[in-house]
Amino acid sequence: PVYKDTCVEFFVSVDNENYYNFEFNCNGVCLAQHGPDKAHRTFLPIRDIELIKTNRFIRFVNVGTTNLIHWELTVIIPFKAFSRDNIQSLKGKSLDMNFYKCGDDLMQPHYLSWNRIDTAIPDFHKPDFFGKGVFELS
């Protein structure tokens, strides 16, 4: 699963009841789901995921005796990929969202979020801890 690898994630709620979670590993592989919470989500159809464009950059870096992987990922998620909602524009809208970087099953598991999550165990599926994203352009 994508979240067990080194990955980045974007969670966003359009209707304040459900949220989309888009998760990408360094190779651009996407896991995308929609629902009200971690236990009640459904996978987005493959046709929606295929609309998402990714551009990746991966290089290996030697630091002493350690080989590290440096990677960057640019993701474009078109409105049509949000198939559970009819989005025509985000201009002037404020949406609840959060961004994450994690690696659950790495030698050194790590978890990082844009907006603070106050739970005893890392859990990104907590809409109560999403921050506000304001869109100025459509």
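Modeller: Start with I58, F60 and I69, which together make a nonpolar surface patch of about 320 Å². A patch here is built from residues with over 30% relative accessible area and no salt bridge, joining nonpolar side chains (Val, Leu, Ile, Met, Phe, Trp, Tyr) within 5 Å and like charges within 9 Å. The salt bridge in that rule is a side-chain nitrogen of Lys or Arg within 4 Å of a carboxyl oxygen of Asp or Glu. Accessible areas come from the Shrake-Rupley method with a 1.4 Å probe, and for residues only the protein chains shown count as cover.

Bear in mind that this is a predicted model: local features need pLDDT of at least 70 and side-chain atom pairs count only at pLDDT 80 or more, while totals for chains, interfaces and linings use all residues. Residues are numbered from 1 along each chain as its sequence is written, and side-chain values use heavy atoms, with hydrogens and water left out.

I58 sits in strand β5, residues 53–63; strands (E, at least two residues) and helices (H or I, at least four) are DSSP runs numbered from the N terminus. I58 counts as partly exposed because its relative accessible area is 35%, where buried means under 20%, exposed over 50% and partly exposed in between (1.4 Å probe, protein chains only).

Now for the largest pocket, which holds about 420 Å³ of space. Its lining takes in 22 residues, and F10, F24, V75, I77 and F99 are the ones nearest the centre. The elements giving two or more residues to that lining are β1 (7–13), β2 (19–25), β6 (66–76) and β7 (94–103). The largest share is from β6, with five residues. As for what counts, the search runs on a 1 Å grid over the protein atoms alone: a pocket is an open set of points with protein on both sides within 12 Å along at least five of seven lines, a cavity is a set where a 1.4 Å probe fits but cannot get out, and lining residues have an atom within 4 Å of a point. Grid points are joined across faces, edges and corners, and the volume is the space filled by probe spheres set on the points.

The structure holds zero disulfides, a disulfide being a pair of cysteine sulfur atoms within 2.5 Å. The sulfur of C7 has its closest cysteine sulfur in C102, 3.4 Å away, so the two are too far apart for a bond. C7 is buried, at 0% relative accessible area, and C102 counts as buried too, at 1%.

On to the charged pairs: the count comes to three salt bridges. K132 pairs with D96, with the closest N and O atoms 2.7 Å apart. That pair links distant parts of the chain, K132 being in strand β9 (residues 131–134) and D96 in strand β7, 36 residues apart. K132 is exposed, with a relative accessible area of 53%, whereas D96 is buried at 17%. Another salt bridge joins D118 to R116, with the closest N and O atoms 3.9 Å apart; both of these residues are exposed. Then there is D123 with K126, where the closest N and O atoms are 3.7 Å apart. D123 is buried, with a relative accessible area of 15%, while K126 counts as partly exposed at 32%.

N16 lies in the loop between β1 and β2 and is exposed, with a relative accessible area of 58%. N16 has a positive phi of about 65 degrees although it is not a glycine. Most residues other than glycine have a negative phi. N16 and L95 are 79 residues apart in sequence, yet 8.2 Å apart in space, C-alpha to C-alpha.

D37 is in the loop between β3 (30–35) and β4 (42–43), and is partly exposed at 29% relative accessible area. D37 and N18 are 19 residues apart in sequence and 7.3 Å apart in space, C-alpha to C-alpha. Y111 and Y100 are eleven residues apart in sequence, with 7.3 Å between them in space, C-alpha to C-alpha.
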